[in-house]
Amino acid sequence: MNSIGGILFLLTILSFTACQKGFLDQVPDDRLSMEQVFSRRDLTEQYLANIYNVVMKDPAGVTAGIPWIGSSDEGDVSYDRPDYNSYKMNLGNWNASSNYYNFWTAYYQGIRSATYFMAHVGSNPQILLESNGEELVRQYTGEARFLRAYAYFLLMQQYGPVVLAGDELIPGDVPASDPRMNLPRSSFDECVAYVVAELDQAATELPDHFTVQPELDYGRATKAAAMAVKARLLLYAASPLFNGNRDYAGLQNADGKQLISQTTDPDKWRRAADASKALIDEGLFSLYKKYDGSGNIDPLASCRDLFLDTWNSEWIFARAKSSISAWERTATPRGIAAGFSATGPTQQLVDQFEMDNGLRPITGYNSDGSPIINPASGYRETGFATSAGKYHPNGVSNMYVNREPRFYVTVSYPGSYWINTSEGNKVIQTWFSGESGKKGSWDHSRTGYLNRKNVSPLTNPRLNKYAERAYVVFRFGEVLLNYVEALNEAEPGHSDILRYLNMIRERAGVPQYGAGASPLPVPSGQAAMREAIRHERQIELAFEYLRYFDTRRWKIAEQTDHGAFWGMNVDADPPAFYRRTVFETRVFRKNYYLFPIPQDELDKDRNIVQNTGW
């Protein structure tokens with residue numbers, strides 16, 4: 001576990017995609033010794049850049065094997081086949097030996113490398129000879145400390161309590177029987193305390209925000225990034241999965257140490273709220289907004305372009321050298337632009353988007369899966385539009401008429417125009433014999449929908465045109481939602497809850513609770529507000545790799561991620577296509593809330609206990 005043998009992994013040549021060269025574009029030579037690396041400034045910087053590459057794994061492509069959409073109730077990785085791991089997970093076909101999405105190994109390689117870097121960067125003679133040498137050492141140390149803490153956080157959200165390796169550098173020739181190579185897992189609360197302390201320390205060593213960095217350094221760690229990771233971590237730590245979860249009463253080390261506290265601590269919500277509020281109070285960020293010719297917020301442009309107009313007022317931390325083309329091609333219709341038609345929203349997610357009057361179209365489901373329609377919303381399940389609306393063309397199913405702007409930002413629905421109109425308005429046809437339908441290829445949307453969020457109108461895979469850009473990992477909109485969720489648990493009724501929740505809704509172009517010309521009733525009581533906040537997160541943060549972890553930390557995945565999953569009838573053409581149809585029946589068992597520790601790791605470190613149920 002703590003061997004530095006994994007250090008050499010980071011000296012493998014890794015490529016970066018960018019239009020211009022900056023700090024994070026550097027590539028090390030894999031033939032160098034550690035002594036050489038830390039004797040020259042350029043090689044030391046290359047080493048640090050590659051730690052970024054390992055820890056900040058490109059989040060922009062489901063094709064890279066990330067299950068956070070395809071195994072979440074918000075989406076389907078539509079080219080899933082029996083040999084795809086997320087497909088097997090959804091059917092309940094996995095165990096500790098399956099080794100699905102084993103990020104444990106890579107993140108610990110990053111952790112070890114960051115520790116090694118921190119121990120050696122201060123002795124680099126070329127850096128120390130610089131006029132600002134001590135300042136550089138401090139900043140570089142802070143960056144490595146941040147990356148190490150972030151790697152621990154990523155492990156914790158997937159596996160729960162982990163092994164804290166510490167700062168000791170263990171020689172590569174230490175035998176596997178050495179106690180230093182067989183460390184047990186620390187408790188989740190101990191892991192949180194350690195990572196929070198590391199992030200707090202890193203925040204003192206880093207520049208405040210990317211706006212004070214040279215442009216070519218955008219994407220490097222900052223104080224704001226450290227604060228954002230801390231806020232998300234403390235929110236997760238306060239949530240029911242990790243805060244007094246009696247389902248994990250048996251998750252103990254061999255000496256009986258409890259790994260997840262069996263006592264619910266309400267003060268964890270207060271700490272989470274305070275962490276988010278501290279970032280808000282920095283005054284560095286605001287919700288990104290665009291305006292129309294009359295000076296009013298343009299909600300569709302605002303919610304769409306906050307991802308496309310990079311390094312804007314909402315961005316806190318981003319993967320600067322992201323291969324966004326993989327993400328965009330998965331969301332592109334096959335017949336229109338040679339896309340993969342791969343990432344499809346589920347009908348469950350589609351149903352969550354409100355109407356433009358702020359009312360929810362679907363209030364629940366009958367035992368046969370049919371929707372309970374809210375007649376006051378104006379939603380209709382049958383018929384077709386007889387005229388175009390502000391955001392939808394004429395002739396589309398009434399299911400997609402007069403929905404809130406975020407629906408049109410997030411979902412490419414059948415009958416809508418493809419986002420790239422350079423070759424004219426091309427209609428998305430996901431029905432059986434349509435341009436991207438099941439009849440033409442195995443690669444088709446199983447739900448009848450495609451994801452549209454974070455896809456540039458300039459993208460056209462058929463012409464090999466992609467709007468290469470950074471990928472935002474932490475943004476201010478999430479921080480606001482983190483804050484109101486934690487505050488509602490810590491201090492129900494606090495005025496900030498409604499204030500910041502309505503800020504999200506105002507930018508989204510939907511009626512606010514208790515405000516505006518057509519106000520919605522304010523959710524009454526803590527439970528109703530909790531549900532409203534969770535609903536807002538599901539819509540606002542869709543396809544940002546958060547929903548998977550939200551349903552698990554809330555302990556509701558047994559309801560949201562189990563059973564029949566619906567879409568349109570992709571085995572038919574219109575009008576039969578527009579019939580709710582089950583495309584997959586998923587299995588979610590209680591032990592799925594946490595991934596199993598990879599069996600190979602248990603075999604190497606006999607003091608690591610397996611997660612409950614595996």
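**Note on the predicted model: cavities, pocket, core and backbone**

1. The largest cavity is lined by Ser-71, Met-89, Asn-90, Trp-94, Tyr-548, Arg-552, Asp-561, Arg-586, Val-587, Phe-588 and Tyr-592. Helix H3 (85–90) and H18 are the elements that give two or more residues to this lining. Its volume is about 90 Å³, and the structure holds seven cavities of 30 Å³ or more. A cavity is a set of points on a 1 Å grid over the protein atoms alone where a 1.4 Å probe fits but cannot get out, and lining residues have an atom within 4 Å of a point. Grid points are joined across faces, edges and corners, and a volume is the space filled by probe spheres set on the points. Ala, Val, Leu, Ile, Met, Phe, Trp, Tyr, Cys and Pro count as nonpolar, Asp, Glu, Lys and Arg as charged, and the others, Gly among them, as polar. Helices (H or I, at least four residues) and strands (E, at least two) are DSSP runs, numbered from the N terminus.

2. On the basis of the values: this is a predicted model, in which local features need pLDDT of at least 70 and side-chain atom pairs count only at pLDDT 80 or more, while totals for chains, interfaces and linings use all residues. Residues are numbered from 1 along each chain as its sequence is written, and side-chain values use heavy atoms, with hydrogens and water left out.

3. The largest pocket holds about 670 Å³ of space. A pocket is an open set of grid points with protein on both sides within 12 Å along at least five of seven lines. Of its 28 lining residues, Asp-73, Gln-348, Gln-352, Tyr-365 and Thr-560 lie nearest the centre. Two or more lining residues come from each of helix H13 (347–352), strand S4 (362–365), helix H17 (526–540), H19 and S9. H17 gives the largest share, six residues. The lining divides into eight nonpolar, twelve polar and eight charged residues.

4. Arg-547 lies in helix H18. Is this residue buried or exposed? Arg-547 is buried, because its relative accessible area is 8% (buried means under 20%, exposed over 50%, partly exposed in between, with a 1.4 Å probe and protein chains only). Leaving aside neighbours within four places in sequence, Arg-547 is in contact (heavy atoms within 4.5 Å) with Ser-72, Asp-73, Glu-74, Gln-538, Trp-554 and Thr-560. Of these contacts, Asp-73 and Thr-560 are also among the residues nearest the centre of the largest pocket.

5. The largest nonpolar core has 158 residues, of which Phe-117, Phe-146 and Tyr-150 touch the most other members. Such a core is a set of buried Ala, Val, Leu, Ile, Met, Phe, Trp, Tyr and Cys residues joined through side-chain atoms within 4.5 Å. Helix H6 (residues 133–159) gives the most to this core, with 15 residues. Not counting residues up to four places away in sequence, Phe-146 touches Leu-199, Ala-202, Leu-206, Ala-221, Ala-225, Ala-226, Val-229 and Phe-317. Another core, of nine residues, lies apart from the largest one and includes Tyr-218, Trp-315, Ala-318 and Val-472.

6. Ala-114 is found in helix H4 (residues 104–120) and is buried, at 0% relative accessibility. With residues up to four places away in sequence not counted, Ala-114 touches Ile-51, Ala-144 and Arg-148. Ala-114 and Tyr-52 are 62 residues apart in sequence and 9.5 Å apart in space, C-alpha to C-alpha.

7. The end C-alpha atoms of helix H16 (residues 495–508) are 20 Å apart, which agrees with the 20 Å that its 14 residues should span at 1.5 Å a residue. The expected span is 1.5 Å times one less than the number of residues. Buried residues in H16 include Ile-497, Tyr-500, Leu-501, Ile-504 and Arg-505. The buried residues of H16 pack against helix H9 (267–281), helix H10 (299–308), helix H14 (405–410), strand S8 (471–475), helix H15 (476–490) and H17. Just after H16, Gly-509 takes a positive phi of about 80°.

8. Some backbone geometry deserves a look. Most residues other than glycine have a negative phi, and most peptide bonds are trans. A cis peptide bond joins Pro-574 and Pro-575, with omega about 5°; Pro-575 lies in the loop between strand S9 (563–567) and strand S10 (581–586). Ala-338 has a positive phi of about 60°, sits in the loop between helix H12 (334–337) and strand S3 (343–345), and is partly exposed at 28% relative accessibility. Lys-555 has a positive phi near 60°, sits in the loop between helix H18 (547–553) and helix H19 (557–560), and is partly exposed at 26%.
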